[in-house]
Amino acid sequence: MTPDLVTTLRPLLTAEASAEAYASGAEPGDLEQAVWLRLLERLEAEGPPPDPHRWLRSAVRTEARRTRRTTRNERPYGTEPDGVAEYAYEPERLALTAARHRALREAVRRLPGRCPRLLEALLSPKDLTYREIAGELGISQGSLGPERSRCLGCLRRLLTPEVAAG
């Protein structure tokens with residue numbers, strides 16, 4: 001695509017796409033991109049159009065109609081589409097989950113007193129009962145609930161600046 005063609009057509013394309021976008025349900029930038037793509041395809045196949053301004057207006061309207069048809073035919077899912085359950089096992093999701101778990105465990109290790117041991121026991125994959133946790137920590141089962149609440153409060157205060165900064 002020649003630079004002078006781009007320079008010449010850009011203001012017209014921006015104006016035409018902005019004018020057609022609302023009625024078609026598209027973003028003006030999306031229409032512009034689609035028309036630039038059509039122009040590139042045209043230049044490769046047939047060369048530049050004889051009347052670029054006229055071709056551009058026609059191309060914008062064609063893309064707007066295509067977008068309207070697509071939007072009219074699309075329907076939102078009533079339920080989650082098939083494969084959403086598989087999303088939990090995608091590599092990106094697994095990596096993000098692992099990073100959150102690491103951040104949580106690092107924050108737990110920075111807690112004061114016996115909070116790290118208590119919360120590690122609560123987060124344990126062994127799924128320990130309160131009785132087992134109390135025995136492991138050497139505290140009464142009755143004080144475990146208030147101790148857990150204090151530790152979670154400390155953890156919340158510790159994580160709040162990190163979450164806000166993230």
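Predicted model: local features only at pLDDT ≥ 70, side-chain atom pairs only at ≥ 80, totals over all residues.

The average pLDDT of the chain is 84, with 87% of the residues scoring at least 70. Confidence is highest in helix α2 (residues 28–45), at a mean of 90, and lowest in helix α4 (residues 84–87), at 57. Of the 166 residues in the chain, 29% are buried, and among contacts with a separation of 6 or more, 56% are between residues 24 or more positions apart.

Helix α3 (residues 52–73) has 22 residues and spans 31 Å from its first C-alpha to its last, which is close to the 32 Å expected at 1.5 Å a residue. Its buried residues are P52, W55, L56, A59, V60, E63, A64 and T67, and what covers them includes α1 (3–24) and α2. An α-helix has 3.6 residues a turn, so residues three or four places apart point the same way.

Further along, the axes of helix α5 (residues 91–109) and helix α6 (residues 115–123) come within 8 Å and cross at roughly 150°. Because angles over 145 degrees count as roughly antiparallel, α5 and α6 are therefore roughly antiparallel to each other. On the α5 side, L104, R105, V108 and R109 take part in the contact, meeting P116, L119, E120 and L123 of α6. By class, this contact of α5 with α6 has five nonpolar, no polar and three charged residues.

Methods: Residues numbered from 1 in each chain as written. Heavy atoms only, no water. Axes fitted to C-alpha atoms, helices over the stretch in contact; angles between N-to-C directions. Helix = DSSP H or I, 4+ residues; strand = E, 2+ residues; numbered from the N terminus. Parallel < 35°, antiparallel > 145°, perpendicular 65-115°, else oblique. Contact = heavy atoms within 4.5 Å. Nonpolar A, V, L, I, M, F, W, Y, C, P; charged D, E, K, R; others polar. pLDDT = per-residue confidence, 0-100. Expected span 1.5 Å × (residues − 1). Buried < 20%, exposed > 50% of the residue type's maximum accessible area, 1.4 Å probe, protein only.
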